[in-house]
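Student: I have a model open and want to learn how to read it. Where do we begin?

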Amino acid sequence: MNIGDKVQVSPDLTGLDIWLPGIVTEVEDNPFNGIVITIKADNGRMFFGQIRFFKPINANDICTQ
């Protein structure tokens, strides 16, 4: 994942019922936690956590029908 990528953050990290979309604002190689991602969600909230809590939003997965 890179800065500017569109991703979704897990409900396990946000405490919400859904995967929340957002944009990656920072990627950190943390010596204790591994890769830590920070995103700004579409609603303006910021979330950060280990890379396992994020999944990329792939433009090929979007249904256009």
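Tutor: Thr14 is buried, with a relative accessible area of 12%. Keep in mind that this is a predicted model.

Student: Why does Thr14 count as buried?

Tutor: Buried means under 20% relative accessible area. Thr14 has 12%, so it is buried.

Student: Where does Thr14 lie, and which residues is it in contact with, leaving aside neighbours within four places in sequence?

Tutor: Thr14 is in helix α1, residues 11-14. With neighbours within four places left aside, Thr14 is in contact with Val9 and Phe47. The side chain of Thr14 also has a polar atom 3.1 Å from the backbone nitrogen of Leu16.

Student: Now the nonpolar side chains. Which residues make up the largest nonpolar core?

Tutor: A core joins buried nonpolar residues through side-chain atoms within 4.5 Å. Here the largest one has ten residues: Val7, Val9, Leu20, Val24, Ile37, Ile39, Ala41, Phe47, Phe53 and Phe54.

Student: Which elements give two or more residues to this core?

Tutor: β1, β2 (20-30) and β3 (34-41) do. β3 gives the most, with three residues.

Student: Take Val9 from that list. What is Val9 in contact with, apart from neighbours within four places in sequence?

Tutor: Thr14, Ile18, Trp19, Leu20, Ile39, Phe47, Phe53 and Phe54.

Student: And Phe53: buried or exposed?

Tutor: Buried, because its relative accessibility is 15%. Phe53 lies in the loop between β4 (46-50) and β5 (54-56). Leaving aside neighbours within four places, Phe53 is in contact with Gln8, Val9, Ser10, Asp12, Leu13 and Trp19.

Student: How far apart in space are Phe53 and Val36?

Tutor: They are 9.5 Å apart, C-alpha to C-alpha, and 17 residues apart in sequence.

Student: Where is Met1 placed?

Tutor: Met1 is in the segment before β1 (6-9).

Key: Residues numbered from 1 in each chain as written. Predicted model: local features only at pLDDT ≥ 70, side-chain atom pairs only at ≥ 80, totals over all residues. Heavy atoms only, no water. Helix = DSSP H or I, 4+ residues; strand = E, 2+ residues; numbered from the N terminus. Buried < 20%, exposed > 50% of the residue type's maximum accessible area, 1.4 Å probe, protein only. Contact = heavy atoms within 4.5 Å. Polar contact = N/O pair within 3.5 Å; in protein donor to acceptor, adjacent residues only side chain to side chain.
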